[in-house]
Amino acid sequence: MSDTLLPPPRLRRPAIAALGVLALALGALQSVVEPALPLLQRELGLGPSEGALVANTLLVTGAVLTPVAGKLGDRYGGKRVLMRLMAVVAAGGLLAGLAPGLPLLLLGQVLQGAMVGVLPLSFILVRAHLPAGRTQAAIGVVVALFTGGGMLGMLGAGLIADHLSWHWMFVLPTLVVVAATVFVARLMPSDAPVRQDERIDWPGVVLLSATLLAFMLGLVLLTGGGLPPLAAAASLVLVALLATAWVRVERRAVSPMVDLRMLARPAMWQACLLTLLVTVTLGMVTLLLPQLLAASGDGYGFDADTTTIGLYLLPGAIAGAMSDAVGGVAARRFGPRAVVAVAALATAAVMFGLAAQHHSAWQLALAKTLTAFAAGLATTALLAGTATAVDPGDTGIATSLLVVTRVIGVVLGVQIAGAVLTAGTGPGTDLPAEAAFTTGFAVTGVMAALGLLLVRATRASRSPHPVEPAHTPAKEGTRS
């Protein structure tokens, strides 16, 4: 008796639309805290340190949970894990929306952090159900919708809070998340686990999570200026010890959490390093431009309020979302490395130009637009290229590591820019000198140029093992 092994069903437009709406709603839910943070501090009586905790909790938990979500998606199937992850996110959104005070709001943010894991799970699904030629473009669209949702959340948070209350900033996007999840569950075909016979390396999961948690908490505390030098050194030692223990466990594991041979492939480690450089640059721009727009120095700065700053930065947010959609297509046509090289060259030129001339607000708005477009183009091209370069069974964990690298890079960039501005702040004043901004722009340009040099210095990578296409012709097998 013979069986015909059919390829997995392809995604139809309603399923793609449902996944897109889900990404849009999650992006909005993720971003509502940033513009509403001063309001939350006033309403809940929070100090600066507590406000920083609210702002960074989702970032930390997202970085910790994303690799776990990606690995579980490889093991059990992307759709199955996605549905369970959405239940956690929905519970966190509703809990934050109903929270009477800080403890429940923080718990809600912790649960919402699971949403970052949706990206690698979405990549598993599109790779399983789309032809190889359309996978990279689809990944770009998913990332673009997530970014676009963040833009909607930032723009809509104030309106919702002013006309309803801050609670509804969390509740409304969460209701859309729940509705979109229902449609994804009904319309999205199930994907078969690629590595269903593997055991989960729970010691590796725990050690990797602990390493990322220690690293992210150290970064957040260092960024906020709340970590003394001795504590910072102890944090670095702890991260090094945890990372060493994780590597030793992974080397001995039969089915490791992360295949270290995969990390050693040029396609993977170069993508991680390039992503880090690109997002460090993005993080520096993210801090420097609003600070200069808000500054009211003698002959520099624009003394802009929050609404005005948002309007100046809005074109950059739109450009970032557009570039995410284009990044996957560009990676398919030109290759990720070529896209990164062009983006790095453009960013370096813009930032060196801004270091020389930054006396008009339109110059800052234009610089934000160009650098956001370049960063989105480069990071999405790297993400899409990696998703189709690794073995199908590593799609979730490989892309989740890149997503975490993006988060770490932005935090590092913000820290570097903050250190530059702090070093340029004179005694008895909280306002950095104009020279500090000039230095910050120049350093950002140097970081972008390093990415260009890295692209030129490293050879094009090839996976040592051929990657199977997402769809193969039906094969016939026999069994007795």
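This is a predicted model: local features need pLDDT of at least 70, side-chain atom pairs count only at pLDDT 80 or more; totals for chains, interfaces and linings use all residues.
I take helices (H or I, at least four residues) and strands (E, at least two) as DSSP runs, numbered from the N terminus. Residues are numbered from 1 along each chain as its sequence is written, and side-chain values use heavy atoms, with hydrogens and water left out.

Entry on Gly 92. I looked up Gly 92 and found its place in helix H4, residues 78-98. Gly 92 is buried, with a relative accessible area of 0%; buried means under 20% relative accessible area, exposed over 50%, and partly exposed in between, with a 1.4 Å probe and protein chains only. Once residues up to four places away in sequence are set aside, Gly 92 touches Gly 108, Leu 111 and Gln 112, where contact means heavy atoms within 4.5 Å. From Gly 92 to Leu 104 I note twelve residues in sequence and 9.3 Å in space, C-alpha to C-alpha.

Entry on the cores. I use nonpolar core for a set of buried Ala, Val, Leu, Ile, Met, Phe, Trp, Tyr and Cys residues joined through side-chain atoms within 4.5 Å. The largest such core has 108 residues, of which Leu 26, Leu 82, Met 86, Phe 170 and Phe 441 touch the most other members. Helix H12, residues 266-294, gives the most to this core, with 13 residues. A second, separate core has 15 residues, including Val 60, Ala 63, Met 216 and Val 411. Leu 82, leaving aside its neighbours within four places in sequence, is in contact with Leu 19, Leu 22, Val 118, Leu 121, Leu 125 and Val 184.

Entry on H12 and H14. The axes of H12 and helix H14, residues 336-356, come within 12 Å and cross at roughly 25°; axes are lines fitted to C-alpha atoms, for helices over the stretch in contact, and angles run from 0 to 180 degrees between N-to-C directions. H12 and H14 are therefore roughly parallel to each other, since angles under 35 degrees count as roughly parallel, over 145 as roughly antiparallel, 65 to 115 as roughly perpendicular and the rest as oblique. Among the residues that meet here are Leu 274, Val 278 and Thr 281 in H12 and Val 340, Thr 347 and Met 351 in H14.

Entry on Asp 303. Asp 303, in the loop between H12 and helix H13 (306-334), has a positive phi of about 50° although it is not a glycine. Asp 303 is exposed, with a relative accessible area of 56%.
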